[in-house]
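Thank you all for coming.

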Amino acid sequence: MNLRGRHPAAPLTSPLLVDPPRPGPDLTVTDTEAAALAGLAAARGARSIAVGSGRTPAALAAADAITRAWRAAGGVVVTTTTWPEIAASWLCQARRFADAPADVWVMTGPEVGWAQVARRLLWSTSWRPDRTLATAAIGRPATLALVGAQQLRGLTGTGANGDTWTVTGDGGLAVTGPRAPG
């Protein structure tokens with residue numbers, strides 16, 4: 001991807017990655033992570049969520065774990081949307097996900113497909129990162145950079161150990177919780 005030279009607050013110049021990297025690891029979601037995501041959604045006052053994921057075995061298992069944790073907490077899952085790692089534009093998946101009548105959107109990887117759909121969400125829908133929770137598979141600086149972390153202000157998620165991360169106003173990551181630095 002070539003985002004070098006862009007001003008941090010500049011809008012995306014394309015809904016898709018120009019030169020997507022090779023897919024990285026297909027990270028699984030821990031029970032601790034799924035429970036922490038459900039806790040974050042509940043803390044935001046959510047009653048309903050929309051779950052979005054890639055179509056790899058780990059991503060589908062993560063979406064299932066998040067769905068089970070949320071339902072166990074008494075919440076409603078209004079839709080589950082999946083997206084491929086490779087597609088023509090990701091527009092159908094982005095619209096389906098963003099149009100879900102949910103209080104909070106929850107997303108998981110893998111990273112390249114997530115980045116493509118997140119860019120499409122920013123470009124073509126009313127999706128807001130600050131109303132979105134994500135897994136550890138997404139909360140890595142290299143993954144966030146595929147979209148442009150500065151475009152994802154307010155995106156919040158959990159790590160495998162239950163820590164919480166949030167994309168800050170300058171595109172950095174603030175981490176709190178069990179194993180946070182500092």
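Helix α1 passes α2 in a right-handed crossing, meaning that the near helix is turned clockwise from the far one by less than a right angle. Please keep in mind that this is a predicted model, in which local features need pLDDT of at least 70, side-chain atom pairs count only at pLDDT 80 or more, and totals for chains, interfaces and linings use all residues. Residues are numbered from 1 along each chain as its sequence is written, and side-chain values use heavy atoms, with hydrogens and water left out.

The axes of α1 (residues 31-43) and α2 (residues 57-72) come within 8 Å and cross at roughly 50 degrees, the axes being lines fitted to C-alpha atoms over the stretch in contact, with angles running from 0 to 180 degrees between N-to-C directions. Helices here are DSSP runs of H or I with at least four residues, strands are runs of E with at least two, and both are numbered from the N terminus.

Which residues of α1 and α2 make the contact, where contact means heavy atoms within 4.5 Å? On α1 they are A34, A35, L37, A38, A41 and A42, and on α2 they are A65, I66, A69 and W70.

Turning to the loops, P110 lies between β3 (104-107) and α4 (111-124), and the peptide bond leading from G109 to P110 is cis, with omega near 10 degrees. W90, in the loop between β2 (76-83) and α3 (91-98), has a positive phi of about 65 degrees although it is not a glycine.

Terms used. Contact = heavy atoms within 4.5 Å.
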